[in-house]
Amino acid sequence: MLIAIVLISIMNVMIMAVYERIREIGTIAAIGTLPGRILSLFVIEGFCLGVVGAVIGVLAGLAINAVINASKITFNFGQQKGLLLQADIDPANILVISATVVIVSVIASLQPAFKASRMEPIKALRHV
């Protein structure tokens with residue numbers, strides 16, 4: 001589920017970034033920028049979105065974890081009374097999930113990046 005959400009979100013952001021910058025893409029293509037370079041610009045942007053999203057997500061998760069642990073919430077479960085709710089996050093899980101988010105972000109940015117790199121400069125410059 002995480003992969004699908006990240007994939008759709010990043011792909012949507014990157015497609016909108018391509019559509020909003022059609023004239024700029026046409027301009028840099030017209031001055032001689034190679035299609036591979038245009039592709040790499042959008043893939044790097046997707047990578048940066050993934051890294052920033054992973055960092056913000058990890059920080060938010062750690063903050064929520066700290067709040068849960070600091071609030072000393074107790075609950076009853078069956079015959080046991082007064083169990084203390086404590087959340088624990090494994091650092092290895094943080095690394096694996098963060099790496100997954102970044103990799104999926106790069107993969108999601110490939111399709112819009114290919115679209116941007118294959119634009120005809122003349123058609124892109126005429127876009128209004």
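Modeller: The crossing of H1 past H3 is right-handed. This is a predicted model, and every value below is computed from it. Two packed helices are described by the angle between their axes and the distance between the axes. For H1 and helix H3 (residues 35-70), the packing angle is about 140 degrees and the axes lie 11 Å apart. That makes H1 oblique to H3, because an angle has to be over 145 degrees to count as roughly antiparallel.

Side chains of opposite charge can pair when their charged atoms come close. The structure holds one salt bridge, and its partners are the side chains of Glu45 and Arg21, at 2.8 Å from N to O. Glu45 belongs to helix H3, while Arg21 sits in the loop between H1 and helix H2 (22-30), so the pair ties together parts that are 24 residues apart in sequence. Glu45 is partly exposed, its relative accessible area being 22%. Arg21 also counts as partly exposed, with 33% relative accessibility.

Leu7, Ile8, Ile103 and Ile107 make a nonpolar surface patch of about 380 Å². Helix H1 (2-20) and helix H4 (91-117) are the elements that give two or more residues to this patch. Ile8, which is found in helix H1, has a relative accessibility of 59% and therefore counts as exposed, since the cut-off for that class is over 50%.

Methods
Residues are numbered from 1 along each chain as its sequence is written. This is a predicted model: local features need pLDDT of at least 70, side-chain atom pairs count only at pLDDT 80 or more; totals for chains, interfaces and linings use all residues. Side-chain values use heavy atoms; hydrogens and water are left out. Patches are made of residues with over 30% relative accessible area and no salt bridge: like charges are joined within 9 Å, nonpolar side chains (Val, Leu, Ile, Met, Phe, Trp, Tyr) within 5 Å. Accessible areas come from the Shrake-Rupley method with a 1.4 Å probe; for residues, only the protein chains shown count as cover. A salt bridge is a side-chain nitrogen of Lys or Arg within 4 Å of a carboxyl oxygen of Asp or Glu. Helices (H or I, at least four residues) and strands (E, at least two) are DSSP runs, numbered from the N terminus. Buried means under 20% relative accessible area, exposed over 50%, partly exposed in between (1.4 Å probe, protein chains only). Axes are lines fitted to C-alpha atoms, for helices over the stretch in contact, and angles run from 0 to 180 degrees between N-to-C directions. Angles under 35 degrees count as roughly parallel, over 145 as roughly antiparallel, 65 to 115 as roughly perpendicular and the rest as oblique. A crossing is left-handed if the near helix is turned anticlockwise from the far one by less than a right angle, and right-handed if clockwise.
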